[in-house]
Amino acid sequence: MKINHPLLGPRNASEFTILGDAKLLQRPNTPERDQARVFYEYLYLRDNPIGQHQELWFHEQGDRSWLIVSRDTLTHEINNVELASKVIKKGQTQ
Amino acid sequence: MIPKGSGYVNKEKLNSALSLDHLNLQWPALSITQSSFKEICSINASLDKQLDLNERFKEEYGISLPAPGKMVNHSTGSVFWVSPSQWFVTSNECNPYFDQLLTKKFNDVSTVTLQTDAWISIKIEGPASLDVLERLIKIDLSERNFPSGSATRTGCSHMTIFIQKPHQEDCFIILGARSYTKSLVHTITQATENILGKKE
Amino acid sequence: MTQKNRIDGGLIDRNIPLNFTFDGKKYSGFHGDTLASALLANGINLVGRSFKYHRPRGIFTSDSSEPNALVELINEDTKEPNSRSTTIQLFDGLTAQSQNCWPSLKYDIQSINDCFAPLLTAGFYYKTFMWPKSFWERVYEPLIRRAAGLGELAPSTDPDHYDRGYRHCDLLIIGGGAAGLMAGLVAGREGLNTILVEEDFLFGGRLLGENEEIDGLQCHDWVANTVKELEAMPHVRLMPKTAVFGVFDQKTYFAIERLSDQINSVGPRQMIWEINTKHIILASGATERHIAFGNNDRPGVMLASAMRDYTNRFAVRTASRVAVFTSNDSGWLTARDLNQKGIEVAAIIDIRKKEEHQEIAKKNTQIPIYSEDQIIKVHGHNRVKAISLLNGAKISVDSIAVSGGWNPSIHLTCQHRQRPIWNEVISGFIANEAELPSGMKVAGAAKGIYATNLVLQDAMNQANAVLSELGHAPTKMMIPSANDDTYRGKTFWSVRETKQRAWVDFQNDVTTKDIRLAVQEGFYSVEHVKRYTTLGMATDQGKTSSVIGIGIIAETMNKSIEETGTTIFRAPYIPVAIGALSGPHSGKNFRPTRETPSHPFAVEQKAQFVESGAWLRSQYFPHANELHWQESVNREVLATRNNVGITDVSTLGKIDVQGTDAAAFLDKVYCNTITTLNMNRCRYGIMLREDGIVMDDGTVAHLAKNHFIVTTTTANAVQVYRHMEFCRQCLWPEMDVALISITEQWAQYAIAGPKSRHLLEKIIDNDHDISNSNFPYMACDEISICNGIRARLFRLSFSGEMAYELAVPARYSDALIRHIHEIGKTFDLTPYGTEALGVMRIEKGHAAGNELNGQTTAGDLGLGKMVSKKKDSIGSILSEREGLVDPMRHILVGVMPCDPQQKISSGSHIFASKSACTPSNDLGYITSVAYSPMSNSYIGLAMIKNGTNHIGGKLRAVNLLQNQDIDIEVTSPHFYDPKGERLRE
Amino acid sequence: MAYSAIKVIKEALTGHRGWKPLWRRPEPKSEYDIIVIGGGGHGLATAYYLASEYKNKKIAVLEKGWLGGGNIGRNTTIFRSNYLLHENEMFYEMSLKLWEQFEQDLNYNAMISQRGVINLFHSDAQRDAYVRRGNSMLINGADAILLNEAKLREKCPFLNYDNARFPIQGGLWQPRGGTIRHDAVAWGYARAADRLGVDIIENCEVTGFDIQNAKCNAVRTSRGTIKAKKFGVAVAGSSSAVMENAGLRLPIESHVLQAFVSEGLKPIIPGVITFGAGHFYISQSDKGGLVFGGDIDGYNSYAQRGNMAVVEDVCEGGMALMPMIGKARLLRMWGGVMDMSMDGSPIIDRTPIKGIYFNGGWCYGGFKATPASGKCFAHLLATDEHHPNASAYLLNRFEKGYMIDEKGMGAQPNLH
């Protein structure tokens, strides 16, 4: 299995450690005191789709970057890999 | 070493010993030896200061910071890319305060950390180098994909290492973590013996 | 023993005779033989026994799809079970023995099972062995288990070495037959970076066994020339004796190379290659199918193509009088080739009408032909003696060459749940071109193209397609002239009129009756039939039986083949040794070992080491007169508490945190506040997971402006660093902070005890004042030692004594530890290990690994106040959930046995004095226990429901597993110096 | 027609004409009292207990593919009750007791063989954890024995005691654990349920729920719409996909767990052995194949297949633990779709939609839980009360902070 690192090219998946759904990027960051429900949904509920899925992978044995990998959970095809920091910057500017 | 029964102790300097200081394994088609560098520091560009750091580095060393997966030599050592905001700078002069020397030069645009003692460095040289390394490293080290001046971090049988090809065709440098010295040397020796048989 | 069945010709080297032993008898063969061909050359055909009925089995094929001829390859100290004699390359001194038979191959007791065949139908065991209940465990199952299995695994360590490698190319060609070699020529001449993989020890595939011409040359000469040309090309790599067994994601292919068939050979015997490629040409050819007819499992029945291989390639006469039973033209080639070699062919029995096979019949002159006829029964027990035909004829023969058509080898196209398509013209399944694995093209017999000239043409087309995708012009090569007999045949599965059992799966003894019974019992899906009858679940993975099985299911349920469908193809294509898959990592090299900077010195001090993750840490330092480790540990604790002790703490994770937002960042990852930490001061920090449970604890040292050093536990160092990088890059990218590990950079020693300061003053250069007033508890600073050597000093205490942690760049670590021990002699300095450290931290009530078990909150550990309410940090919100602040949660307390001489043990559960040991009465559990020399009693830390309210009371520590039930007293977890006065002196 | 040795002999003498299909293939009716969605082990067991224990009549099991084609046909056949936390141990011990009467209850031999399960430990900390676990087992009425190295050498002489990277210190042994012929469990429950009148409908995929103001009245399938009062969803790896039709997101991720079988060998591995210093567990089937496995791949997957990194990791673990295994050949590798929950423990509960009940989140424990899951889910469906042994398996436990976290790995499914 290989992940095409945006800066370093295709790398064996054994160099990476997977965390999970990329929705973990959207931590509720202005928490009012009573936001337990929002935090519960953020941390515990998952779409867990059959098909396209955005995931967070850490390049443990590489450049120690967090990547967002768009992968198909049925065919295992990977169609996009980006640096998480770039995606967030894009997100902030939109 | 500290001579026995010497008088006032404070005058004694401590002996500096690398954990890998006598590696020399020879086969007709391959040699595995300890490669020498004296100091390494990590230099990390501060937030949004990457271009400034590159400018300051060019002024200081006459070369720009290398692109991802690359290394460049400078007058007293080399520098190689480590992560989107981090490079390792090496020096051939011994100086346990090498990080403070770099901090003075690039303080306002970066942060610096001494790394020398964390790494051992092994040189693998000879026509059989690719045959041995294809049993240890998963990335394509052929000239086409890993030309001279390449350097990157990757896996090597359950360990994490840097692999570099500083200048010529069949000569590679492997940087491994200090505590893994014995395991890394054994793994490389085992792979070589599997191909070239027991060393002389 | 002369090789009585050896004939002239063949691709063997008669100048290199090789001796081998089978079942104790000595024979000889030649270089280029397989064990199977050498056995046949010596007149041996009975080589095995089937799994269930233990019927005699003969050599059936000439490749890895062999279901019958499995042997144990042996040498003095081990054996390799279930080895296919059809693929073992003969070597001098080879020793093999038959398996799954007792006392001998000829007279096997268990062949008695065959007499009870009517009882032993498919799935009979689901319907019986149920009465009396206890008999299953004691009688029935042991009998079944002893009778089960084929070969035997030697219970000793596998002496062989294995290895693993990684290769990269633009084009991977799987299969070195006509199609593979042709594609290799086209790609190679265009300079493509190509790997050509072939399972056999010779390239050529079917061409090695056929008798036809290419470009005017004998086909195996064309093969030899082509291989010579390919070997000369620098960017083409030929890999014989290598089989691709698995297709994985992103065009990652796995293959196994058999470097040697000899056991315990010098260097690795087998190795696994991971091949990364952009394009793939699957040229895996096809395997011949047999036909199910009465007693078709007798030794002497062989695939028609295999008989041609043994005759043409291995120069072996497999029989004296042969009958050919075929549903297609390729069966006739066996009659022609054997006839040419002077072997009598008694009959060609073709199921087709006369006019359907008249094309091929023209080339046959003397052999009697039986059209529209079938074999309904085979006579003979250990060897075919005669056959009875549907139209009444009875012919005495000692061998049958059977061909029921061909199965294209499409396994590698269907390992990702693709389903193949039925092609009636060639009566075989081919790959669905729309669902091929990415980058794969199929060429030649693997997609049902059998005429050699069309195979060469198709291979060129596929190679040209790859060239154009890579931007090369198509080749200008001409197609070599070759045989153009197209495939003609009729789909035919089994002889319906036969009364005897007709075998579909020879190894698992699955007959057409079993399949019909399964359908009768309601198992309609092909997956159900496979699992109920175990069809195709033998070591050949149904290569010769699965397709016939599907055909018979379709006939039985009168459904089309398409509707019946296939079972799922699964990796590996051929079975792969577990040793090979483990590569070079066995024994002590299972995982690498990390040594602390002071390891050499510790060895000299006779330290006992203990594994701590990948690290080896000193556990304790026994003196010669100490008989039990408890003695050494007590001494080390008392020496430290009374004088001074030293231990290596370099394995704790150390992370350098720098940047203008470093403090603000640490406020986010630690639940307590870091921004209020003054310069040159340290603070104990707790890191929560986002769910509010404690992830790790450690110290934060504010060493300089915007420069912090964070320590983690040894076990969590990697996870904590990864978590902090997630917070830095993904949650708070707007912060100016950089992280890098310095665990390996700095060696760190803890020096603890009342004399620690005096000892250190002898080492630290005197411009640093480490008196209590100037360097109080929790201070830290950059200093120098031994006249200018760079160092860092932290006033931290895990032992509870006055203590310092001295860190130096690792280059000085060995010299420093020896120097300190030299100076320390006058202070009775004692090295102590992880055991003594454990005793002291339990005496102090510090939570460690056993308490930070991923189930405890800061409140549970008595540190609830540290979770700041004034700022947001990871885990703070969810740490307030009802279940995490429930008063009935388990709370950290101390426990001591009421009778100090009694030994309490970790893992005991806590109950009230008189209550029964039931789940509802369970009050908690003991996490850590140690013998405390300070309170000369065993002490422990425990998690007890509503624990604080039990302090001062009595409970019971119950360890049913080790039959202990001890009265305990619940105390504060801080047994020793609860107010922490000693570490502040 | 009851199965027995006499019946087998009688049929053998009369050409086997008397054997009937194990279960009927009825057309789906328009309405049932209770519909169980999912024809795997848990779904079939639920239907069986609904019909046998709770005397429910109009029950249907809807299976999208062929019966027993999901995880029940793709696991490593192990059953045990050696859990750490009481909330789990009481449930899995109930399951083990139900396994012990399976053959007598269902008149079907699933070859349930109690050859024992040994969990090895390699450090003091691991030993302490297993002592705590062993005591939990004994407190819940299960059996547990602590083996030191000497006793272990007697039982398993082939383990690597002398040249190990992580030396073996001992093991926690549960004699009553063992293995079961997994397919036979599905067929046994299907046959028994069918004989009690349950309609088992294959090739019938649920594509939607008919919900009005948070109450479900019918289910839309590939074979028409079917009404019912209660719907029990037991679809393991497909839980999120099915419950999405009811507008619910779950605390579950679906992951591939690979399993492997070797070529058939003469008996050499007595019972089930799990390696404590790596990802490897193994047992030997009655047919002689070594059945072994290790960790999940780690990424979400519905592909029922994995990659080689896990295969190599498992084989390295196997060679480290029992170096004789090198010569055994891996014959076949497959994968199941594990419904990994957020704390490693399952969910058997009502849902916010009235009439829809959910059973899922089984991680690695699904196969061994089959009988108890069926009984407890039937109890909930029949009585609308939680069975006492499954009272902690609530859907809202994560929001309230009552996680049941055996391994203490927190809200990351691929670590459980």
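This is a predicted model: local features need pLDDT of at least 70, side-chain atom pairs count only at pLDDT 80 or more; totals for chains, interfaces and linings use all residues.
Biologist: In what order do the elements of chain A run from the N terminus?

Modeller: The C-alpha atoms of chain A fill a box of roughly 45 × 30 × 25 Å along the principal axes. Reading chain A from the N terminus on, the order of its elements is β-β-β-α-β-β-β-α.

Biologist: How many residue pairs are in polar contact across the interface of chain A and chain B?

Modeller: The contact (heavy atoms within 4.5 Å) takes 12 residues from chain A and 14 residues from chain B. About 1,000 Å² is buried between the two chains, 52% of it on carbon and sulfur atoms, where buried area is the accessible area (1.4 Å probe) that two parts lose on being put together, summed over both. A polar contact is a pair of N or O atoms within 3.5 Å; within protein, one must be able to donate a hydrogen and the other to accept it, and residues adjacent in sequence count only if both atoms are side-chain atoms. With both residues at pLDDT 80 or more, the number of pairs between chain A and chain B is 8.

Biologist: And how many salt bridges does the count give between chain C and chain D?

Modeller: Here 119 residues of chain C are in contact with 119 residues of chain D, and about 10,000 Å² is buried, of which carbon and sulfur atoms give 56%. In chain C, the residues that lose the most area to chain D are C:Arg145, C:Ile578 and C:Leu961, together 8% of what that side buries. A salt bridge needs a side-chain nitrogen of Lys or Arg within 4 Å of a carboxyl oxygen of Asp or Glu. By that rule the count between chain A and chain B is 0, and between chain C and chain D it is 12.

Biologist: Which residue of chain C forms a salt bridge with D:Lys327?

Modeller: Side chains of opposite charge can pair when their charged atoms come close. For D:Lys327, the closest N and O atoms are 2.5 Å apart, and the partner is C:Asp160.

Biologist: Which residue does B:Asp117 meet in a salt bridge?

Modeller: The side chains come to 2.7 Å, N to O, between B:Asp117 and C:Arg811. This pair crosses between chains: B:Asp117 is in the loop between β7 (110-114) and β8 (119-125) of chain B, and in the loop between β44 (803-809) and α19 of chain C sits C:Arg811.

Biologist: Which element gives the most to the lining of the largest cavity?

Modeller: On a 1 Å grid over the protein atoms alone, a cavity is a set of points where a 1.4 Å probe fits but cannot get out, and lining residues have an atom within 4 Å of a point. Grid points are joined across faces, edges and corners, and a volume is the space filled by probe spheres set on the points; the search finds 11 cavities of 30 Å³ or more, the largest with a volume of about 290 Å³. Its lining has 20 residues, with C:Thr87, C:Arg258, C:Ile574, C:Pro575 and D:Arg329 nearest its centre. The most, 3 residues, comes from β6(C).

Biologist: How much space lies in the second largest cavity?

Modeller: The second largest cavity is lined by 16 residues, with C:Ser598, C:Ser618, C:Phe621, C:Thr647 and C:Asp648 nearest its centre. The element that gives the most to this lining, with 3 residues, is β35(C). The space in this cavity is about 180 Å³.

Biologist: One for the backbone: which strand of chain C holds C:Asn82?

Modeller: Most residues other than glycine have a negative phi, and most peptide bonds are trans. C:Asn82 has a positive phi of about 55° although it is not a glycine, and the peptide bond from C:Trp102 to C:Pro103 is cis, with omega near 0°. The place of C:Asn82 is in strand β6.

Key: Residues are numbered from 1 along each chain as its sequence is written. Chains are lettered from A and ligands numbered from 1 in the order in which they are written. Side-chain values use heavy atoms; hydrogens and water are left out. On a 1 Å grid over the protein atoms alone, a cavity is a set of points where a 1.4 Å probe fits but cannot get out, and a pocket is an open set with protein on both sides within 12 Å along at least five of seven lines; lining residues have an atom within 4 Å of a point. Helices (H or I, at least four residues) and strands (E, at least two) are DSSP runs, numbered from the N terminus.
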